[in-house]
Amino acid sequence: MVLPAAPSGVVEEIAAFGRFAASRGWVPATAGNFSRRIDGRYAAITRSGIDKGAIGPHDVAVVAIGEPVPAGISAETPLHLARYRTDPGIGAIFHVHTVASTVLSRLDEAAGAVRTDGFEMHKAIGLRTHASVVEIPVFANDQDTERLAAAIEARLGRDATVPGFLLAGHGLYAWGATAADARRHVEGLEFLLACHLEERRLR
Ligand SMILES: [Zn+2]
C-alpha cells in the first residue's frame, strides 16, 4: 500500500515544535516524538533516531491510524495512534523527555498520578481556576508499547480531564486539537511539573 506523503504544512508544524522543544532542552539525545493527525485515516509522526531540533520532510513518516505500525517507525508510535483512535478531537500529540517529568513520574509512580494544586497555570490546561487540583496520570514504563497503549487508553478514555500523561522514569505526553493547543499543553504541564519539583526539593 502506498501511503500519502505528509503535507508540507504538517511537516512544518512538527518541525517548529521540534525546534522549540530542542531549544528548551526537552528532547536530549534524539529523545521524544511528535505527531499530527492528517485526516481521519492518517497521521504524520517523526522517525526514530533523528535530531528533533532539525526535522526535515524525510524525518516525518505517514502512518495509517487504524493499522499495525510498519517497521522503521518510532517504537512509541502505538501510543500516538491509540490516542487518535480513542479521541477524534485530538489533532496533535507531542512527547518530550524533560527532567521534571522524568523525576516526578518515578517518585509518584506508585501513587499513579502527580498531583498539583493552586497554580494559576492550571488554566493553561483547561481548568477554570487556579483553585483546583490537577492529577497528571502516571503509567509504568513498558517497552511493549502496544500493551502500554492499551493500558493507557483503558484508564484515560475519550474524556481525559488532563490533556497529558507521564511514563515513569521516561517523560511527558500531551495533546490538543491543533499543534498550537498541544504545544500550550506541553508547556503548561511542564511548567506545573517544574514548579512542583522545586517545591518538593525545598520542603
Ligand atoms: Zn520517549
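Modeller: Helices (H or I, at least four residues) and strands (E, at least two) are DSSP runs, numbered from the N terminus. What you're looking at is a predicted model, where local features need pLDDT of at least 70 and side-chain atom pairs count only at pLDDT 80 or more, while totals for chains, interfaces and linings use all residues. Residues are numbered from 1 along each chain as its sequence is written, and side-chain values use heavy atoms, with hydrogens and water left out.

The part I'd pick is strand 4, residues 92-96. Five of its five residues are buried, which counts as mostly covered. Ala-92, Phe-94 and Val-96 point one way, while Ile-93 and His-95 point the other way.

Now its neighbours. Two strands pair if DSSP finds at least two bridges between them. Strand 1 (residues 33-37) runs antiparallel to strand 4, with four bridges joining the two; here Ser-35 has Ile-93 as its bridge partner.

Donors are N, O and S atoms within 2.8 Å of the metal (3.2 Å for Na, K and Ca), and since water is not among the atoms, sites may look incomplete. The zinc ion has as its protein donors Glu-76 through OE, plus His-95, His-97 and His-170, each through NE2, at 2.1 to 2.4 Å. Along the chain, the donors are spaced as E-x18-H-x1-H-x72-H. Glu-76 sits in the loop between strand 3 (60-64) and helix 2 (77-86) and His-95 in strand 4, so this pair ties together parts 19 residues apart in sequence. Both Glu-76 and His-95 are buried.

As for the geometry, four donors count as tetrahedral if all angles lie between 85 and 135 degrees; four count as square planar and six as octahedral if opposite donors are over 155 degrees apart and all others between 65 and 115; anything else is irregular. Around the zinc ion the angles run from 93 to 150 degrees, which is why the arrangement is irregular.

Follow Phe-94 and Val-96 instead and you reach a core. A nonpolar core is a set of buried Ala, Val, Leu, Ile, Met, Phe, Trp, Tyr and Cys residues joined through side-chain atoms within 4.5 Å. The largest one has 41 residues, and those touching the most other members are Phe-17, Phe-34, Phe-94, Val-96, Ile-136 and Val-186. Among the elements that supply at least two residues each are strand 4, helix 1 (8-23), helix 3 (99-107), strand 6 (133-139), strand 8 (171-176) and helix 5 (179-202). There is also a second, separate core of 21 residues, including Ile-45, Phe-139, Leu-167 and Tyr-173.

Helix 3 is worth a glance too. Its Ala-100, Ser-101, Leu-104 and Ser-105 are buried. They span an arc of only 115 degrees around the axis, which puts them on the same side of helix 3; the arc is that of the directions from the helix axis to the C-beta atoms. Val-99, Arg-106 and Leu-107, on the other side, are exposed. The buried residues of helix 3 pack against strand 4, along with strand 5 (113-117), strand 6, strand 7 (164-167), strand 8 and helix 5, where contact means heavy atoms within 4.5 Å.

Strand 5 joins strand 6 through five antiparallel bridges, with Thr-116 partnered by Val-134. Strand 7 runs parallel to strand 6, with two bridges between them, and there Val-138 faces Leu-166.

Last stop: the loop between strand 5 and strand 6, which holds His-122. His-122 has 0% relative accessibility, so it counts as buried. Its contacts, leaving out residues up to four places away in sequence, include Thr-116, Val-134 and Leu-192.

Key:
Buried < 20%, exposed > 50% of the residue type's maximum accessible area, 1.4 Å probe, protein only.
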